[in-house]
Amino acid sequence: MKLFVGLAASVALFGGVQFLHGGNGQSEATELIPTNAYRLTANGDEAACAIQRGAEVSKGLSLLSVAPNCRKLMPGIEHAKFWREQADGSVAFSDDGVDPIVTFGVADGDGYESYAPAAPLLALSTSE
């Protein structure tokens, strides 16, 4: 009798999970995970490089991986190791977690546009 009760509870639990996930076996939460891969371009140029936001090391501060060819877009940016997100939504890249190499503001639409330094103008958009 205990075996039957255990089996019935397992079936009910599995059915409840399937119901909560819409029956497709995938959680809705997985669709809400933001991408951490970005494409950096300069002055609307066709040249681009890859930026990868890594693990969070403290509140608002994450590791950053910058492709070596990003140097062509802005010399020195290839040394950035940290992504710092500010309360206003702006993002700064730095090599020490404090002093920004470049700072981005939220752009119209999706992504970010640099405002410091003033040149070159950089655009950071999510990679598809």
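**Around leucine 40**

Me: What is leucine 40 in contact with, leaving aside neighbours within four places in sequence?
Reply: Ala47, Ala48, Cys49, Ile51, Cys70, Leu73, Ile77, Phe104, Leu122, Ala123 and Leu124. Contact means heavy atoms within 4.5 Å. This is a predicted model: local features need pLDDT of at least 70, side-chain atom pairs count only at pLDDT 80 or more, and totals for chains, interfaces and linings use all residues. Residues are numbered from 1 along each chain as its sequence is written, and side-chain values use heavy atoms, with hydrogens and water left out.

Me: How many residues has the largest nonpolar core?
Reply: It has 21. Leu40, Ile51, Phe93, Phe104, Leu122 and Leu124 have the most contacts inside it. Such a core is a set of buried (under 20% relative accessible area, 1.4 Å probe, protein chains only) Ala, Val, Leu, Ile, Met, Phe, Trp, Tyr and Cys residues joined through side-chain atoms within 4.5 Å.

Me: Which element gives the largest share?
Reply: β1, with three residues. Strands here are DSSP E runs of at least two residues, numbered from the N terminus.

Me: Which way do β1 and β2 run, parallel or antiparallel?
Reply: Antiparallel, with five bridges. Strands pair if DSSP finds at least two bridges between them. Tyrosine 38 stands opposite isoleucine 51 in β2. In their hairpin, asparagine 43 takes a positive phi near 50°.

Me: And what joins β1 to β8?
Reply: Five bridges, again antiparallel. Alanine 42 has leucine 122 as its bridge partner in β8.

Me: Switching to confidence: what is the average pLDDT?
Reply: 80, and 73% of the residues score at least 70. pLDDT is the predictor's confidence in each residue, from 0 to 100. Over residues 3–21 pLDDT stays under 50.

Technical notes. Buried < 20%, exposed > 50% of the residue type's maximum accessible area, 1.4 Å probe, protein only. Helix = DSSP H or I, 4+ residues; strand = E, 2+ residues; numbered from the N terminus.
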